[in-house]
Amino acid sequence: MNFRHAALPALLRLRQNSRMRVLALLLAVVAPLPAVAADAASPAPSAAAAPALAAKADASEPFDLGEGLGYLRAHRVADALPVLERAMTSGQALVLDLRFATAAKSDAPALALALAQRAPAAPLFVLVSPQTPAMLTSALAGLRPPALTLGVDGSLPSPAVVVAQPADVDRRAYDALESGMPLGALITGKIEKERFDEAELVKEFEHGNPNAAPPADPDPSQPAAEKAPVLTDRVLQRAVHLHRALLALKRN
């Protein structure tokens with residue numbers, strides 16, 4: 001028997017098992033996870049994308065989220081259509097944010113026409129919210145893979161990926177970018193350590209502090225100061241994580 005023919009079934013089984021493992025990984029990312037767990041398990045945007053992540057929300061081109069992913073925030077659907085059409089025909093992976101867009105009746109068919117120009121293999125992530133105009137539902141109904149809608153519970157249309165974040169926090173995170181908060185800070189979701197461990201001790205020594213010691217325990221008779229919660233745009237963050245997962249699938 002020819003060796004190549006004899007080895008073919010085993011090779012096919014190996015490839016099938018590899019695909020199943022990768023598919024399981026992607027499904028784990030797509031599934032609605034607790035917000036903190038999703039942050040811990042998913043990679044943050046690369047440092048190379050940091051300058052673009054600090055851009056303002058009035059750009060005439062999609063923001064660069066790194067790894068070939070753009071971000072287009074639609075304040076008025078009609079105003080965003082020219083930029084969207086260019087992104088769709090270019091084959092760029094895109095996050096289209098329709099969470100708090102305003103739209104006229106004529107915008108729904110125009111949006112559907114723009115989305116229909118998307119290159120066949122270009123990933124598209126559409127962000128929606130309970131305030132997304134209901135008239136845009138029909139324009140999003142015909143999205144073909146690889147495309148996903150993401151939003152908090154109660155969003156319109158019902159998102160394929162429901163992100164665990166209250167609607168009011170989703171709105172505050174959205175507004176934070178308009179107020180000047182860097183986009184990178186809104187999607188990295190870094191959590192500060194609350195303990196002084198060996199890594200902190202080494203860091204203090206490296207900075208010339210040979211007498212480093214953990215901070216004193218808080219006075220139990222004094223009320224502890226409450227830390228301000230870290231504001232994270234978890235809907236946009238999840239879209240970035242899914243894009244990174246798709247890239248990992250292609251590499252494997």
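## The sheet

An open sheet is built from 6 strands in the order 1-2-3-4-5-6, with mixed pairing. Strands pair if DSSP finds at least two bridges between them, and the strands (E, at least two residues) and helices (H or I, at least four) are DSSP runs numbered from the N terminus. At the edges lie strand 1 (63-64) and strand 6, each pairing on one side only. Strand 4 and strand 5 run in the parallel sense and share 4 bridges. In this part of the sheet, phenylalanine 125 stands opposite leucine 148 in strand 5.

Helices pack on the sheet as well. Helix 4 (residues 77-90) touches strand 2, strand 3 and strand 4, and its direction makes about 160° with that of strand 3. Helix 7 touches strand 1, strand 2, strand 3 and strand 5, at about 100° to the direction of strand 2. These angles run from 0 to 180 degrees between N-to-C directions, using lines fitted to C-alpha atoms, for helices over the stretch in contact.

## How the model was read

This is a predicted model: local features need pLDDT of at least 70 and side-chain atom pairs count only at pLDDT 80 or more, while totals for chains, interfaces and linings use all residues. Residues are numbered from 1 along each chain as its sequence is written, and side-chain values use heavy atoms, leaving out hydrogens and water.

## The nonpolar core

In soluble globular proteins, nonpolar side chains tend to be buried together. Here the largest nonpolar core has 25 residues, and Leu65, Tyr71 and Val95 are among those with the most contacts inside it. A nonpolar core is a set of buried Ala, Val, Leu, Ile, Met, Phe, Trp, Tyr and Cys residues joined through side-chain atoms within 4.5 Å; buried means under 20% relative accessible area, exposed over 50% and partly exposed in between (1.4 Å probe, protein chains only). Helix 10 (234-251) is one of the elements giving two or more residues to this core, and its 5 residues are the largest share.

## Around tyrosine 71

Which residues does tyrosine 71 contact, leaving aside its neighbours within four places in sequence? They include Pro62, Phe63, Asp97, Arg99 and Leu236, where contact means heavy atoms within 4.5 Å.

Phenylalanine 63 and tyrosine 71 are both buried. They form a tilted aromatic pair, 5.8 Å centre to centre with 55° between the planes. Rings of Phe, Tyr and Trp (its six-membered ring) pair if their centres lie within 6.5 Å; planes under 30 degrees apart count as stacked, over 60 as edge-to-face and the rest as tilted.
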